[in-house]
Amino acid sequence: MYFVISMILTSIKRHVPGPIKRAVGNLLLRVNYSSDCKGDLNLPSCTLSEPGAHCFFGYYDISPFSASEQLLLATQTTTALRTPRADDELAVGFYDLTAEKREFQKVGTTETWCWQQGCRLRWDPAAPDTRIIYNKMTDGQYGSVIQDIRTGQVEHKSSFSLYDLASDGEHGLTLNFSRLQRLRPGYGYVNLPDDSKFDYCPHDDGVWLVDLQNDQKKLLFSLLELAAISPHRSMKNAQHYVNHLSFNPSGREFLFLHLWVDENNRRYSRLFTSDQKAGRLNLLNNTGLVSHYTWLSDERLLIVTRVTSLGKLRYVLYHYINGFEGITGDDHLIGDGHPTFIGNGKQIVTDTYPDEFRNQNILLYNRETNTIRVIQRCYVPPEYTGEVRCDLHPRTSPSGKLLCADVVVDGRRAMQVFDISCIQI
């Protein structure tokens, strides 16, 4: 019934003038919001939320699940849907998934956070059930802390905020979070001014390696150096920055995106891989449009990129040095999404962006059988757009049996956890 009404309204919308088109569009949103917002699977699930607060985790490239899979990291804030200010507080904590009554257990707070990536909260690899690490102002600068969730004690302070952390727990990657926020709102922090604002391509800023034990950082690649490698015409008078730094499973190699914004405010991106010693820098994809990524193994990764011959964004497998291996997902995985491998790489969990009805999906694709299932279909209100949008960002547990996503429930961000161990596709 809802489908028929939607089809009729969609047809009307195509043939009416502006004011009526907007009214019909709003009615379409109401119809679709009233319809069934579940997927084609009836999975065991639970929703984690707190009255009057936004509850979320952040980006998809970090798992919020503890090693035991009993605890789930989360953050909460009462901040309105706007750019967080320097005094807007984010509560850091967790949920006990084994508890009969699941309540948010606060461990600490931070002022360095954003809607898309939170505070880069994660479990400490050395104690993945008891210690967490997250970004926080320390001594007036962007820093990070390691904290015991049982005692609340801060066991280590770093002078540098982290974007990613190697599996050894001793080395991290970082970038200029103020520059990132200025050039890509929703991904960086506003607490400190961007001192590089008037330098479009700095020689002293870019990708940094952090030594947590000695509290030191080293510039691996400057933006000036990156821009000089196989430059695009669009780089003329463009502002450069980096984002999405990600170690491979062993922590020896990593990837990152080099991005630039041209004179017409158009954004371009490409992907590099390298190693901690910066002994090798490899331009893996230079198409100008690379979106999201995930590691399959130490040497293979999947990225969402534009395939020129198809004219569409596709999911493409690469060797971290040798390059292109092939497109995956056939006609099932078209467009952008946030992918993660599960089941020894046999399956990919990903998501979609809102369609014209403001619905977005969590998908599970089986690479062996070339089949896809909708885990959940979620409605997101129109006000969740731009910097404050609520991407689903599906994240899996260490065993791949559980999945967590950020959703909107009753107008506020919440977290939904699914048991996907029973899925047969």
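The model is predicted.

**Ring pairs**

Across the whole structure, a search finds 16 aromatic pairs. One of them joins Phe 221 and Phe 256, whose ring centres are 6.1 Å apart with 20 degrees between the planes. This pair is stacked, because planes under 30 degrees apart count as such. Phe 221 belongs to strand β13 (residues 216-222) and Phe 256 to strand β15 (residues 253-261), so the contact ties together parts that are 35 residues apart in sequence.

Phe 247 and Phe 254 also pair, with their centres 6.1 Å apart and their planes at 75 degrees, so this pair is edge-to-face. Ring pairs link Phe 221, Phe 247, Phe 254, Phe 256 and Phe 272 into a cluster.

**Burial**

Phe 247 counts as buried, and so does Phe 254. The values are listed here.

| Residue | Relative accessible area |
|---|---|
| Phe 247 | 6% |
| Phe 254 | 0% |

**Charges over rings**

Lys 217 lies over the face of Trp 208, at 4.1 Å from the ring centre. For Arg 413, the ring is that of Phe 56: Arg 413 lies over its face, at 5.7 Å from the ring centre.

Conventions
Residues numbered from 1 in each chain as written. Predicted model: local features only at pLDDT ≥ 70, side-chain atom pairs only at ≥ 80, totals over all residues. Heavy atoms only, no water. Phe/Tyr/Trp six-rings, centres within 6.5 Å; stacked < 30°, edge-to-face > 60°. Helix = DSSP H or I, 4+ residues; strand = E, 2+ residues; numbered from the N terminus. Buried < 20%, exposed > 50% of the residue type's maximum accessible area, 1.4 Å probe, protein only. Lys NZ or Arg CZ within 6 Å of the ring centre and 35° of its normal.
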